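Here is a briefing on one protein chain. Keep the sequence and the 3D view open while reading.

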Amino acid sequence: LACKKYKVDLVGGDTSSSMSGLFISITVIGRANKKDITYRNGAEINDLIFVSGDLGAAYMGLLLLKREKEVFKDNPSIQPELVGHDYILERQLKPEARTNIVSHLKEINIKPTAMIDISDGLASEIIHICSDSKKGCCLYEEKLPIDECTIMMAEEFKIDPAIAALSGGEDYELLFTILPSDKNKIDRHPDISIIGEILDANLDVKLYTKGGNYHDII
């Protein structure tokens, strides 16, 4: 289904036995015009930091699945309580490639100065951009896009939703920086949020909390 949607050909494959489950190994090969490629190392001071979609849902979906699995292992007669949690479960089990965001940015004539996908968590990925660009940054906790379903499940697990967004991972959203002059082109897009700004390297990578404090992102 994913190959059909994204027009990808799946060619060949290696099959071998395993004593402990199923393993899938895939190498992706693609092609792009050099002028269209955005790397991690292009962020400049005063660039604005944006992210697509919302964050933390995949992690909360994983925690829910792990919890229900343990309950089932203890008592197989009890069915998993998954009703009403479709969104966070799909975010964990069926992530979508955000090619639509790339297409939209091209349509409105914005080429990000730096970009990375969020696979290991927002904190890890912004550190990659800052490190490769030799810059610092400040993210604002109150601007982190977190879905209501994620917040409710985080509260059930007694986890700060911001921690899920920063460190959960597997969201596969796009984290990118743009020139301040491009902000008005993207301001009102419902699926893109501004979350911070690029600063001088000596200011490190910081999170400005809702309580008005600065914390290092490590």
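This is a predicted model. The protein has eight helices and seven strands. Of its 218 residues, 36% count as buried.

**Overall build**

- Taken along the principal axes, the C-alpha atoms fill a box of roughly 60 × 50 × 30 Å.
- The accessible surface comes to about 14000 Å². Carbon and sulfur atoms account for 53% of that surface.
- Among contacts with a separation of 6 or more, 83% are between residues 24 or more positions apart.

**Nonpolar cores**

- In soluble globular proteins, nonpolar side chains tend to be buried together.
- The largest nonpolar core here has 24 residues. The members that touch the most other members are Ile-49, Leu-122, Ile-126, Cys-137, Leu-139, Leu-175 and Ile-195.
- Strands S1 (48-52), S2 (114-117), S3 (136-140), S5 (192-199) and S6 (205-208) are among the elements that each supply at least two residues of this core. Helices H5 (122-133) and H7 are also among them.
- Which element gives the largest share of this core? H5 does, with five residues.
- A second, separate core has eleven residues, including Leu-48, Ile-101, Ile-110 and Leu-174.
- Leu-175 has contacts beyond its neighbours within four places in sequence. Its partners include Ile-49, Phe-50 and Val-51, and also Ala-114, Met-115, Ile-116 and Ile-118. Leu-122, Glu-125, Ile-126, Ile-129 and Ile-195 are partners of Leu-175 as well.

**Cysteines**

- How many disulfides does a search of the whole structure find? It finds zero.
- Cys-137 is in no disulfide. The nearest cysteine sulfur, that of Cys-130, is 3.8 Å away.
- Cys-137 has 0% relative accessibility and counts as buried.
- Cys-149, in contrast, is partly exposed, with a relative accessible area of 35%.

**Helix H6**

- H6 spans residues 148-156, and its residues Thr-150, Met-153 and Ala-154 are buried.
- Seen down the axis of H6, the buried residues fall within an arc of 105 degrees, so they line one face of the helix.
- The face turned away from that buried side carries the exposed residues Met-152 and Glu-155.
- What covers the buried residues of H6? The cover includes helix H2 (57-74), helix H3 (86-93) and helix H7 (161-167).
- Asp-147 caps the N-terminal end of H6. One of its side-chain oxygens lies 2.8 Å from the backbone nitrogen of Cys-149.

**The loop between H6 and H7**

- Lys-158 follows H6 and lies in the loop between H6 and H7.
- Lys-158 counts as exposed, at 77% relative accessibility.
- Asp-160 lies in the loop between H6 and H7. Is it buried, partly exposed or exposed? At 40% relative accessibility, Asp-160 counts as partly exposed.
- A polar atom of the Asp-160 side chain lies 2.9 Å from the backbone nitrogen of Ala-162.

- Most residues other than glycine have a negative phi.
- Lys-158 is not a glycine, yet it has a positive phi of about 60 degrees.
- Lys-7 is not a glycine either, and its phi is positive at about 55 degrees.
- Lys-7 is found in the loop between helix H1 (2-6) and S1. With a relative accessible area of 75%, Lys-7 is exposed.

**Gln-92 in helix H3**

- Gln-92 lies in helix H3. Is Gln-92 buried or exposed? Its relative accessible area is 17%, under the 20% cut-off, so Gln-92 is buried.
- The side chains of Gln-92 and Glu-170 are joined by a polar contact of 3.1 Å.
- Not counting residues up to four places away in sequence, Gln-92 touches Ala-58, Gly-61, Leu-62, Leu-65 and Glu-170.

Conventions: Residues numbered from 1 in each chain as written. Predicted model: local features only at pLDDT ≥ 70, side-chain atom pairs only at ≥ 80, totals over all residues. Heavy atoms only, no water. Buried < 20%, exposed > 50% of the residue type's maximum accessible area, 1.4 Å probe, protein only. Helix = DSSP H or I, 4+ residues; strand = E, 2+ residues; numbered from the N terminus. Arc of directions from axis to C-beta. Contact = heavy atoms within 4.5 Å. Polar contact = N/O pair within 3.5 Å; in protein donor to acceptor, adjacent residues only side chain to side chain. Disulfide = S-S within 2.5 Å. Core = buried A, V, L, I, M, F, W, Y, C linked by side-chain atoms within 4.5 Å. Areas by Shrake-Rupley, 256 points an atom, 1.4 Å probe, with all protein chains shown as cover.
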